[in-house]
Amino acid sequence: HIARELGHRPARGLRCLDRNELALALAADAARTSPDQKTIVLATINLNYVDVFFNWALQLHAHGRAGTMVVGALDWHSHDLLTEFGAPVFPLIPRYASGAERKAEGAHSFDGIWIERGALAGALLEGGYNVLLCDSDAVWTADVLARLPTLFHYGGAPVDAIASAGTFPKAAAAALGGHTAVMGFILLMATDSMRALYPLVQERALVIGDDQVAFNLVLAGGKVDFSTVHLPAAFSEKAGSATLVRTAGHEPTEMRSGNPTVDVRVLILNGRLVVRNCTGMREPEQLASSLVAHCLSEKSGGAKSEQLQIVGLWNCPVGWLSELRERLTQGEGRGGVAEGVVQRSTFRPTPALPLNGTLVFRGHLSALSDASGFVLSVVLSASWLTGLSSHSSGGPVGADEQWAALRAVARNLAAGCLLRGLRAELLIMHWPGDEAA
């Protein structure tokens with residue numbers, strides 16, 4: 001992508017797709033599985049959040065919407081991993097550290113994620129796609145793509161964006177009725193108004209370094225009118241209100257000379273539809289009236305997965321994730337995913353469109369979904385298991401004998417599950433400092 005911008009061209013007879021073209025090609029496939037043939041889900045992934053991503057993807061699969069996603073990988077490790085699974089993934093490697101300063105991939109490029117995601121969202125909007133930006137910790141509790149279309153023309157006029165409610169940045173919240181649009185769950189509609197407004201957001205993001213701050217400050221910079229509205233009957237009475245923000249007077253970048261301005265309508269959903277406080281999330285009534293649970297404050301992948309398990313929103317098999325993490329830490333030399341590199345080899349092309357579209361990836365999700373139906377998890381310490389098979393003399397136990405003990409436990413567990421018609425998983429844990437394991 002960078003080389004193409006600098007004027008370089010591939011060798012004769014070859015064609016090079018840039019990042020946006022890869023994403024647009026994947027979006028064309030994703031849109032075909034969407035209810036309106038136009039809305040796609042844009043997600044991002046990095047190596048620290050692989051487990052959270054797969055849990056989120058399983059939620060989409062449960063609602064039959066896994067085919068609507070396209071995924072921007074923020075590092076080559078996660079890109080290569082999803083490629084192995086046949087996922088609709090493309091590289092979304094940050095090129096900006098902050099503001100408009102260009103940076104190569106490196107330790108300080110993480111801040112550029114939001115600028116990169118915003119630029120890509122703008123390209124998808126220009127391609128005619130409605131873009132649902134959705135963080136992987138924004139877990140779907142309902143079929144979002146089936147319910148949101150009832151709001152596309154709320155009040156007899158097109159809605160340009162539908163977002164969850166936040167309070168950041170505070171400078172914009174007061175002007176927008178007390179709430180701001182959260183970019184972790186926002187549907188940007190490919191209306192003429194949004195396509196004209198969004199370049200202004202991108203311009204501001206390059207200066208500020210944050211797309212959510214930029215989006216809300218641009219909205220607040222117009223002539224703002226807001227009101228509380230009641231949503232259609234498709235939404236429950238308890239969750240049926242929202243804030244409709246109308247903002248006018250924006251001058252698109254190509255209309256700086258006083259030509260017609262842009263008017264935008266943004267619907268900000270309340271905290272019952274997009275839950276921001278997960279206390280009590282196990283209550284069936286609260287789950288039934290919500291669309292999304294996006295309420296995790298922890299910033300590390302492990303802590304997020306623990307929170308999701310605590311509130312009952314975890315679906316991904318723990319044993320499979322443990323095996324996946326082990327592969328990721330092994331590296332290329334031991335059969336794992338290849339180590340990331342700053343420059344990709346010209347002989348290692350990015351597979352933009354996996355064979356059979358995303359059917360392979362959805363097949364993997366189906367298998368994981370089946371495996372997540374466990375009613376029992378049995379966790380054993382490796383040192384305890386080794387102790388069971390130790391020699392009477394107290395001497396060391398060989399690897400073959402350890403594996404024999406493991407198979408015996410697994411066979412007994414499987415026999416018991418078969419008699420009772422149960423599904424279970426057996427986890428043998430190697431605790432830190434456990435030399436016997």
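Helices (H or I, at least four residues) and strands (E, at least two) are DSSP runs, numbered from the N terminus. The views show a predicted model, in which local features need pLDDT of at least 70, side-chain atom pairs count only at pLDDT 80 or more, and totals for chains, interfaces and linings use all residues. Residues are numbered from 1 along each chain as its sequence is written, and side-chain values use heavy atoms, with hydrogens and water left out.

**View A. Aspartate 51 in helix α3.** Aspartate 51 is buried, at a relative accessible area of 6% (buried: under 20%; exposed: over 50%; partly exposed: in between; 1.4 Å probe, protein chains only). Between aspartate 51 and serine 322 the C-alpha to C-alpha distance is 9.4 Å, although 271 residues separate them in sequence.

**View B. The largest nonpolar core.** A nonpolar core is a set of buried Ala, Val, Leu, Ile, Met, Phe, Trp, Tyr and Cys residues joined through side-chain atoms within 4.5 Å. Among the 63 residues of this core, Phe53, Phe54, Trp56, Met69, Trp140 and Leu269 touch the most other members. Helix α3 (residues 50–62) supplies the largest share, 8 residues. A second, separate core has 46 residues, including Ala30, Val70, Ala190 and Ile268.

**View C. Surroundings of tryptophan 140.** Contact denotes heavy atoms within 4.5 Å. Leaving aside residues up to four places away in sequence, tryptophan 140 touches residues including Val41, Trp56, His63, Arg65, Cys134, Phe185 and Leu291.

View D. The whole structure contains 0 disulfides (pairs of cysteine sulfur atoms within 2.5 Å).
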